[in-house]
Amino acid sequence: MDAAAGDLYVEINRLRAGGGACVVAKQLPALKPQAALERAARHLSRGDELQHSLKAVGYRASRSSALWFKGDGVGAQVAAMLANKDYCDKLQDAAVTQIGIYLDARQIWIVMAAPFAPSVGESVEAAGKRVLELVNQARASPRYCGNTRSNAARPVRWNNALAESARMHAEDMAHYNYFSHSGRDGSDPAERVERAGYRYRATGENIAAGQTSAEDAMAAWITSPEHCANLMNPAFTEMGAAFAVDPGSKMGVYWTQTFGRPR
């Protein structure tokens, strides 16, 4: 990092903290310089697009933006330009955490981003039990699953074997980056619950991906006619649910909800 870029990082964080025309509603953490974003900024200086530049340097962002300044002597003027209130929203975007700068004699590119870092704010067990609560709330009232009316159904209870089957499939999808009721080994939901030691009369499975809370996963299922029909099915008396996270996967978070009725 050269001295000019170093000074600019300091100035941007000063503005982010409420300097210049920017007024802060709350204290924001300083943006951290990131080498991959510096390389992305260099790509932008060559006429590339932001998303392609990020991909080219191997940076996966959940949020990103870029600023461009050009002209003779731009390095000496950019601090004053950034202090204008027109840039406050981008500089004080609380969702971004990292920054990269590229500058030469006639242009400056600034890239700000947040790395893709999916997470669920509770344990797998707690999230599974929350799914159980939400399922039983849904089953307590009749509803339409698509165009088909489902009657209210009796609540389901937690089953550890079904939860284990759900956990194993969620982890497999997350770690091997796929989304399917068919496992990598060709297994179907019924085979997986049997492997977990569950002897069933009836079984079914819902899956979801990308949601970062039990509530969001449940909302996806309840609005999908096929998944809604599964969770309202009166034949099921037991349930288990789990999620798995892998930031290297396409969706980041994968959920499995497994229903059953024992023999």
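First, the ground rules. This is a predicted model, so local features need pLDDT of at least 70, side-chain atom pairs count only at pLDDT 80 or more, and totals for chains, interfaces and linings use all residues. Residues are numbered from 1 along each chain as its sequence is written, and side-chain values use heavy atoms, with hydrogens and water left out.

Helices (H or I, at least four residues) and strands (E, at least two) are DSSP runs, numbered from the N terminus.

Let's start with the disulfides. A disulfide is a covalent bond between the sulfur atoms of two cysteines. The cut-off here is a pair of cysteine sulfur atoms within 2.5 Å. That rule gives two disulfides. Counting bonded cysteines along the chain, the pattern is 1-2, 3-4.

Take C22 and C88. Their sulfur atoms are 2.2 Å apart. The link is left-handed, with -100° about the S-S bond. It joins distant parts of the chain: C22 is in the loop between α1 (3–16) and β1 (32–33), and C88 is in helix α5 (residues 88–91), 66 residues apart. Both C22 and C88 are buried. Buried means under 20% relative accessible area, exposed means over 50%, and partly exposed is in between (1.4 Å probe, protein chains only).

Now C145 and C228. Here the sulfur atoms are 2.0 Å apart. This link is left-handed too, with -55° about the S-S bond.

On to the cores. A nonpolar core is a set of buried Ala, Val, Leu, Ile, Met, Phe, Trp, Tyr and Cys residues joined through side-chain atoms within 4.5 Å. The largest one has 25 residues. Those with the most contacts inside it are V131, V135, M218, W221, L231, M239 and W255. Several elements give two or more residues to this core: α6 (124–139), β8 (200–209), α9 (214–222), α10, β9 (238–245) and β10 (253–262). Helix α6 gives the largest share, six residues. There is also a second, separate core of 18 residues, and I12, L31, F69 and M112 are among them.

Next, the pocket. On a 1 Å grid over the protein atoms alone, a pocket is an open set of points with protein on both sides within 12 Å along at least five of seven lines, and lining residues have an atom within 4 Å of a point. The largest pocket has a volume of about 220 Å³. That volume is the space filled by probe spheres set on the points, which are joined across faces, edges and corners.

What lines the largest pocket? There are 13 residues, and M168, H169, D185, R192 and R195 lie nearest its centre. Helices α7 (160–176) and α8 (189–195) are the elements that give two or more residues to the lining. The largest share, five residues, comes from α7. By class, the lining has three nonpolar, four polar and six charged residues. For those classes, Ala, Val, Leu, Ile, Met, Phe, Trp, Tyr, Cys and Pro count as nonpolar, Asp, Glu, Lys and Arg as charged, and the others, Gly among them, as polar.

Last topic: salt bridges. The test is a side-chain nitrogen of Lys or Arg within 4 Å of a carboxyl oxygen of Asp or Glu. The structure holds 12.

One of them joins R106 and D72, at 2.2 Å from N to O. R106 is in the loop between β3 (98–103) and β4 (107–115), and D72 is in the loop between β2 (61–70) and α4 (74–82), so this bridge ties together parts 34 residues apart in sequence. R106 is partly exposed, at 47% relative accessible area. D72 is exposed, at 60%.

Back to my opening pair. E171 and R167 form a salt bridge, with the closest N and O atoms 2.9 Å apart. E171 is partly exposed at 26% relative accessibility. R167 is partly exposed too, with 25%.

Then there is R195 with D185. Their closest N and O atoms are 2.8 Å apart. R195 is in helix α8 and D185 in the loop between α7 and α8, 10 residues apart. R195 is exposed, at 56% relative accessible area. Both R195 and D185 also featured in the pocket, among the residues nearest its centre.

Finally, a network: salt bridges that share partners join R130, E133 and E215.

Conventions:
On a 1 Å grid over the protein atoms alone, a cavity is a set of points where a 1.4 Å probe fits but cannot get out, and a pocket is an open set with protein on both sides within 12 Å along at least five of seven lines; lining residues have an atom within 4 Å of a point.
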